[in-house]
Amino acid sequence: MNFHIMTLFPEMVMHGLNTSIIGRAMDKGLISIEAVNIRDYAFNKHNKVDDYIYGGGAGMLMQAEPVYLCYEAVEKKIKLNRNGMGSCTDAVDRNNDRDVNEGNGNSKSRVVYLTPQGEVFTQKKAQELSGEDDLILLCGHYEGIDERVLEEIVTDNISIGDYVLTGGELPAMILVDAISRLVPGVLNNEVSAEFESFQDGLLEYPQYSRPEIWHDKKVPEVLLSGHHANVEKWRHEKALERTRERRPDLYDKYMAQ
Ligand code: ADE
């Protein structure tokens, strides 16, 4: 799976994703992550990509044209890759964009705009998006992005929660992490993605490792019994109990199924 992150801060995104499980998945070629700098598509000599907001209001807005040119270049690169010409490095050269795009019957990629005004990201959405070959993530900054380009290119508006961040980079990293770990081979233990929180609509049961007693707290007896059916029963009960206490909204949904 290939992620293409359109951002004004590519180094922030790449530094955050280069390590641990996601870094290893990149090394193994299971996923690729490319951060494309929207500023490279500025159309003025000062490399400015923001401007004042029509109608007034505080702050600046990212302009439509650099975002659009950046998007076109990314989409062109995706098409070249799909057609087996991925090593063509000038794929993100905006001067050649339009001719290559034209006449190509390939379908357009999904473009996710990270915004507090989007639908709230869930495990279900992560699963849905993990089925894509290519995913374009668009990160806004300042007060956001000119609505006209959003209307033209965005297929999904996604929020990571009901709070406002300074930009879409952290939300994009969260999406990349949550989606990548669902790509086959990324987690060593495939079952761990299947039986964890949210996968079946419940929070995960409590888990314990050695030692058997720590700070006078003993590991529940049933987990030491070796009786598989009893362990499963206990875990299901604990998952139900924990979900009812901590996330009554999820519990009600689960019980109504
Ligand atoms: N950009 C700023 N805040 C955000 C949020 N909560 N979710 C997604 N993108 C954002």
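In this predicted model, strand E5 (110–120) and strand E7 (156–159) each contribute at least two residues to the shell around the ligand. Of the contributors to that shell, E5 provides the largest share, which amounts to three residues. The residues that surround the ligand are Leu 114, Thr 115, Pro 116, Ile 158, Ser 159, Ile 160, Gly 161, Tyr 163, Val 164, Leu 165, Gly 167 and Pro 171. By residue class, the shell comprises eight nonpolar and four polar residues, and no charged residue is found in it.

Polar contacts between the ligand and the protein backbone were examined next. A polar backbone atom of Thr 115 is placed 3.2 Å from a nitrogen atom of the ligand, and for Ile 160 the distance from a polar backbone atom to a nitrogen atom of the ligand is 3.0 Å. A nitrogen atom of the ligand also lies 3.0 Å from a backbone N or O atom of Leu 165. The ligand taken alone would expose 260 Å², and 96% of that area is buried by the protein.

Ser 159, one of the residues surrounding the ligand, belongs to strand E7. Its relative accessibility is 2%, and because a residue under 20% is classed as buried, Ser 159 counts as buried. A polar atom of the Ser 159 side chain lies 3.0 Å from the backbone oxygen of Gly 161, and Gly 161 is likewise among the residues around the ligand. When neighbours within four places in sequence are left aside, Ser 159 is in contact with Thr 115, Pro 116, Gly 118, Glu 119, Val 120 and Phe 121; of these partners, Thr 115 and Pro 116 also belong to the ligand's surroundings.

The nonpolar interior was then considered. In soluble globular proteins, nonpolar side chains tend to be buried together. The largest nonpolar core of the model holds 30 residues, and the members that touch the most other members are Phe 3, Ile 5, Ile 31, Ile 33, Leu 137, Leu 175 and Ile 179. At least two residues of this core come from each of strand E1 (2–7), helix H1 (10–17), helix H2 (20–27), E5, helix H5 (123–129), strand E6 (134–139) and helix H7 (169–180). The greatest contribution to this core is that of H7, with six residues. Ile 179, not counting residues up to four places away in sequence, touches Met 1, Phe 3, Phe 121, Ala 126, Leu 129, Ser 130 and Leu 135.

Ala 25 is located in helix H2 and is buried, with a relative accessible area of 2%. Beyond its neighbours within four places in sequence, Ala 25 is in contact with Leu 30, Ile 31 and Val 186. The C-alpha atom of Ala 25 is separated by 9.3 Å from that of Val 183, although the two residues are 158 positions apart along the chain.

For the chain as a whole, ten helices and nine strands are assigned, and 42% of its 257 residues are buried. Among contacts with a sequence separation of 6 or more, 71% involve residues 24 or more positions apart. The chain exposes about 15000 Å², of which carbon and sulfur atoms supply 50%.

Technical notes: Residues numbered from 1 in each chain as written. Predicted model: local features only at pLDDT ≥ 70, side-chain atom pairs only at ≥ 80, totals over all residues. Heavy atoms only, no water. Near = heavy atom within 4 Å. Polar contact = N/O pair within 3.5 Å; in protein donor to acceptor, adjacent residues only side chain to side chain. Areas by Shrake-Rupley, 256 points an atom, 1.4 Å probe, with all protein chains shown as cover. Helix = DSSP H or I, 4+ residues; strand = E, 2+ residues; numbered from the N terminus. Nonpolar A, V, L, I, M, F, W, Y, C, P; charged D, E, K, R; others polar. Core = buried A, V, L, I, M, F, W, Y, C linked by side-chain atoms within 4.5 Å. Buried < 20%, exposed > 50% of the residue type's maximum accessible area, 1.4 Å probe, protein only. Contact = heavy atoms within 4.5 Å.
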